[in-house]
Structures are given as C-alpha cells and as structure tokens.
Amino acid sequence: MIEKWSALIVLVLAVLAAIGMGSNAAWLGTSTLIAIYSLLALSVGITYGQAGILSVAQGAFASMGAYATGILTARYGISPFLTLPVSVLLPALVALPLARLVSPLSPLVLAIATLMFATIVEILLRGGGDLTGGYIGLSGIPPLFDAQTPVTFNLIAWFAVVVVVFLYANLMNSAWGRAINTVRHDPMRAVADGTNVTRLQSLVFTLGAGMAGLAGWLYAHQLSFISPDLFGIPVSINAILMAVVGGAGVILGPVAGAVVLSFFYEFLPGQESRGMFYGAALILTLVVAPSGLLGFTRFRRRSPAVRRGAVSAGAVPGKVAS
Amino acid sequence: MNRGIVVSSVTVRFGGVTALSDVSLNVQPRDIVGVIGPNGSGKSTLFNAVSGLVRPASGEIRIDGQDAVGVPPETLVRQGLARTFQTPRVDPVLPVEAAILCGFQTKARQSLLGAMLHLPGQRREEAQMRASCRAIMERLGLIEVADVPLGELPMGQVRLVDVARAMASEPRYLLLDEPAAGLSLLEQRRLAAAIRLLAADGVGVLLVEHNFGLVGELCRHVTVLDRGKVLLEGDVATVRSNPVFLQTYLGSHAA
C-alpha cells in the first residue's frame, strides 16, 4: 500500500517546497505554520481518524507542550532540545489518566468531556500567576539555537512532521494498527480478537497528546511568545477540520488538509468571512469525498470481473448486534 | 487438571427474567458439542455466558480447570477461547486477508515502540503472521478471494472469514454462534469440513445452531435447550428419535 511511503512523500515534497521558497519570509512563515498545524491535525488523525475518539482537547495538549518548554527555557534557561521530551511527555502523561476516565463514554459525551478539559487547561494557564504569565502570557522564549533563521526553522518543523508520519505509518501498518482500526469500527469485534479496548484507546489518545505537545514545542520556539489562547478551542476545531477535510483515516490526510485549509486561510479576505469559507470547504469535501481528499487511497476496489457472485455491501449487516 | 469447558448448573437472570436456568455442559478438546433450541431458548445467553459477556447469577464455568466467571472476555480470548458472531461483524471495505490478519492479535508480541520504529523483530513477526494467514486461507479455500473486500462477498464466505479470523489465534476452544444461518447447502458443506478439520486438530468446538442438519452431521453430543432449561441431551441419534424433542423442536407434525 502507498501508505507505507507516507514519510518519504512528505520528505520529498517538503524539500522541494523549501528549495522553491528560498528565503521568502512570507512563504516560509506559512510553510512553518502548515507544518505545525500538520502535527496538530495528525494528532486528530490518529485519535479520531484511526481510533474514533473525537477530542477537542488537542489544542490544550499543544498548549501544555508550549508552556512546558516556555517556562523551562525562558525562566530556567534550559536548552530547548532538553525540554523537547518534556513537551511531548507531559501532555501524554496527563492524557493517559484522562483517557482512562473518558474512553468508556459515548462519542458525543467524550467530545464534550475533552472540551471541558481544554477549558480547564486554559483557565489554569490564565490563573497560573508568575509561572505561566497569566493573561499576558510568556515572552522571551529563546530560539532553538542561536543561528535560527526562518529557513532552518522551517526545515526543522517539516523534519518533525516527517518523523511523526514515519512512526505513525509504521504503527498503523502493524498488528497495533489493525487493532486500533478494529476498535474504531466495532469495539465488540476487537474484544473477540483479544484486544483490551479501553487500554488501546487510552494508548492512542496518549500518543495523539504527545504529537500535539510536539506541535506546541515548535510553535513556542518559533513565536518566542505564548499566551493562553494561542492553542484555544478554535485551534482544536481547526485541526479537526483539517484532518476531516484531508481524510482523517488516511495517514497523510491531515497533512493534506493542513496544506489546503492554510492556503484558504492565507488567500481569503477578511477575518469574519473566513468561518464561512471554512464551513463551505468542510461541507463540500464531505459531499464530494466523504472520507476526505485522500480518502480514495485507502482500499482500492477490485475490477468488476472478480466480483462474481458478490452481494452488495449493504447486504452485510456489519453493525447489527448479534 | 480438568480439561475442557465445563459449565455446571449455570443460571443467568436479566432483571426478573430467568434466561438460563441450571444448565450444565461439557466441551472437551476434539469434541464438537451442539446446542440447539428454538428462538428465545437461551442458546445465545449460554454462548455469551461462556464467552464472558454475561455474568451468571449462579453456577460455575471452568475452562481447563480455571474459573472463567468474571474474567473479561478479551482475557478469555487470550487464554484460548475464540468465538464467531451470529451476524459477522465486519468492516465491508476490509479485504479478506486484512480481516483475517486482525485475528492474530493474541499472537502479536511487538512493543508499541518496536512497531513504530519498524524494528527487525516487528518485520519478522509481521512476515510470520502473513504466512500463517495464507495457510489458513488456503485451508478454508479463501485464497482466491484474499483481496476482495468483505462487503462484496456472499454471506457464506463472510462467515468462513469469521471462522478463519477465530482460527488465527490458534484457540483451544472455538465457540460458533449459528454459523450456518443463511448459508447455501454447498457453503454449509465447506463450513462443516472446516469445523471438522479444527476438531481433528484438537480444538473443542461449541456449536450453537438452529440448523439441526448441520448439528446432526457434525456433533456427537447434543444439548437441546427450551425456555432456558435443558430439555434433552445425549448423542444425536437418541435426541433425534426422542418424541419430546420432535414435539417441541420440529413441531408435532414431524412426530
């Protein structure tokens, strides 16, 4: 399957784009933002697209990653590369118990629970006093290294996307990935395969939180300034939109969605009308390509000649309880 | 150690309704034991109790001597108790081979990190699973349809895929929930052959069925349930000629 080559595809395209952009600051800024959004949308891809857990807290996890590195580097002078594991592991460690709590909930209730969690994180960051900088936020976050330029940072951001896509694609191509997909489609079926559904869902939720934390780490060191609403709920929803438009169930779907919607965002007029175009893009994709722009790459249909004596998909009542 | 699935005087209640009352059953390795009965006789409840989905109010279920009551169903699967579904729960876009590969869950030993980094151990394990998967498909005659999505297959083959998926975990016991429902005669034959092969390999099979023809063909021992109670049990010939059985199960005209 083509999905095995996902990381290589991103690598080649990112390098080509980097060569094409040269040192154009505006383009580099957009490109870096797309990379960061790609990571956030990929975290939606694994939790929602693969495991079926709709989380509105991905922004909150990114926020944790950003604040973790922000506080440690700006206040305590620790090297950004030493805080990278903290930025990834802190959201993951918070996500693990949260996932245990919420994964038995029904999908809608779970989404609302994650929304509440995101709100709590935002409130805590605002009320964090000197540690988090309260409403004003945290400034003076150092760059990753002294010679950091938009060109190098863009490359680092896309390198992070390539690494995440590589790990993610390998995971989905293993027995773990098959179990994760079975859980999304039918938890009962997964149990009959011998899968502990709650544990697996928690694990995926945790992985997604770690990915989001990585996005936060990057963003903090790009902007050098972070505030509580930087990764607010609108950002989480944006990431969900990107994943769904690109194809949440396809490895590269969220990246494609991030590219397409970011371009929309760049070239569309006025703040107010953006929501309208976003909504239109979402509805249009869901009508034209229900499983996202890259949805067609999943499983190829066989030629009609091989379907002798076949029944239609509708004749298999897959979701009826036995 | 007491081998086999031993169900002793199990009673299951749903609120005030007694779905199963004082039912006992014994499935030994290499045995194919049939449970038949009309709709609502408690077949599925018995099936769910053994597979860990329903907790009995009283009675005992032991699998190879170990208490199975209260053990989570996925743990029972890991201990060697596989099941199929009355209505196969399939993802219609999944090709046959991919669906059967999902059955190797209990065989997977790779760590999360090993899988993400695609380490040599992971590659070796994946190759092994694919080889075993092909062996199972060859055995059940599914090899020609390996790449066909389940949604495009006739029901009989979908059920065979479900059996194949259960076989993948190399179970010691296999519970089959009405596997022949809606199958053509030819498909039933294929299924029966597959079940016989499994039993010959030492698997204990519990066959919950509506179709007495298939049960009569496969099973030595049959338990007839009616309204949650054991109406009759014994070998197929005895049950078949029993007037009470004919009366309740096949209707008075047959008698």
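Student: Which residues of α8(A) are buried?
Tutor: In this predicted model, the buried residues of α8(A) are A:Ala175, A:Trp176, A:Gly177, A:Arg178, A:Ala179, A:Ile180, A:Asn181, A:Thr182 and A:Val183. That makes 9 of the 11 residues of α8(A), so the helix is largely enclosed by the rest of the structure.

Student: How many residues does each chain put into the contact between A and B?
Tutor: Chain A gives 34 residues and chain B gives 41 residues.

Student: And which helices of chain A supply at least two residues each to the side that touches chain B?
Tutor: Those are α7 (150–172), α8 (175–185) and α9 (187–192) of chain A. The largest share of that side, 6 residues, comes from α8(A).

Student: How do the residues on that side of chain A divide into nonpolar, polar and charged?
Tutor: There are 17 nonpolar, 10 polar and 7 charged residues on the side of chain A that touches chain B.

Student: Switching to chain B. Is B:Arg83 buried or exposed?
Tutor: B:Arg83 is buried, because 25 other C-beta atoms lie within 10 Å and the cut-off for a buried residue is 20 or more. Its place is in strand β6 of chain B.

Student: What is B:Arg83 in contact with, leaving aside neighbours within four places in sequence?
Tutor: B:Arg83 is in contact with A:Ala192 from chain A, and with B:Ser51, B:Ala166, B:Leu175 and B:Asp177 from chain B. B:Leu175 is also the bridge partner of B:Arg83 in β7(B).

Student: In what sense do β6 and β7 of chain B pair, parallel or antiparallel?
Tutor: Strand β6 (residues 81–83) and β7(B) pair in the parallel sense, over 3 bridges. β7(B) also runs parallel to strand β8 (residues 204–209) of chain B, with 5 bridges joining the two. There, B:Tyr173 has B:Gly204 as its bridge partner in β8(B).

Student: Which residues of β7(B) point which way?
Tutor: B:Tyr173, B:Leu175 and B:Asp177 point one way, B:Leu174 and B:Leu176 the other way, and all are buried. With 5 of the 5 residues of β7 (residues 173–177) buried, the strand is largely enclosed by the rest of the structure.

Student: What does B:Leu207 touch, not counting residues up to four places away?
Tutor: B:Leu207 touches B:Ile32, B:Val33, B:Gly34, B:Leu176, B:Val215, B:Leu218 and B:Cys219. B:Leu207 is also among the residues with the most contacts inside the largest nonpolar core, which has 175 residues. Helix α10 (residues 197–223) of chain A provides the largest share of this core, 15 residues.

Student: What is the strand order in the open sheet of chain B?
Tutor: The order is β2-β1-β4-β5, and the pairing is antiparallel. β2 (17–27) and β5 (66–67) stand at the edges with a single partner strand each, so one side of each is left without a neighbour in the sheet. Strand β1 (residues 5–14) and β2(B) pair over 7 bridges, and B:Val12 has B:Leu20 as its bridge partner in β2(B).

Student: Last one. At what angle do α6 and α7 of chain B pack?
Tutor: Helix α6 (residues 155–167) and helix α7 (residues 185–200) of chain B pack at about 10°, with their axes 10 Å apart. They are therefore roughly parallel to each other. The contact is made by B:Gly156, B:Arg159, B:Leu160, B:Val163 and B:Met167 of α6(B), and by B:Glu187, B:Arg190, B:Leu191, B:Ala194 and B:Leu198 of α7(B).

How values were computed
Residues numbered from 1 in each chain as written. Chains lettered and ligands numbered in written order. Predicted model: local features only at pLDDT ≥ 70, side-chain atom pairs only at ≥ 80, totals over all residues. Pairing = 2+ DSSP bridges. Helix = DSSP H or I, 4+ residues; strand = E, 2+ residues; numbered from the N terminus. Axes fitted to C-alpha atoms, helices over the stretch in contact; angles between N-to-C directions. Parallel < 35°, antiparallel > 145°, perpendicular 65-115°, else oblique. Contact = placed C-beta atoms within 7 Å. Core = buried A, V, L, I, M, F, W, Y, C linked by C-beta atoms within 7 Å. Buried ≥ 20, exposed ≤ 12 C-beta atoms within 10 Å, placed from the backbone. Nonpolar A, V, L, I, M, F, W, Y, C, P; charged D, E, K, R; others polar.
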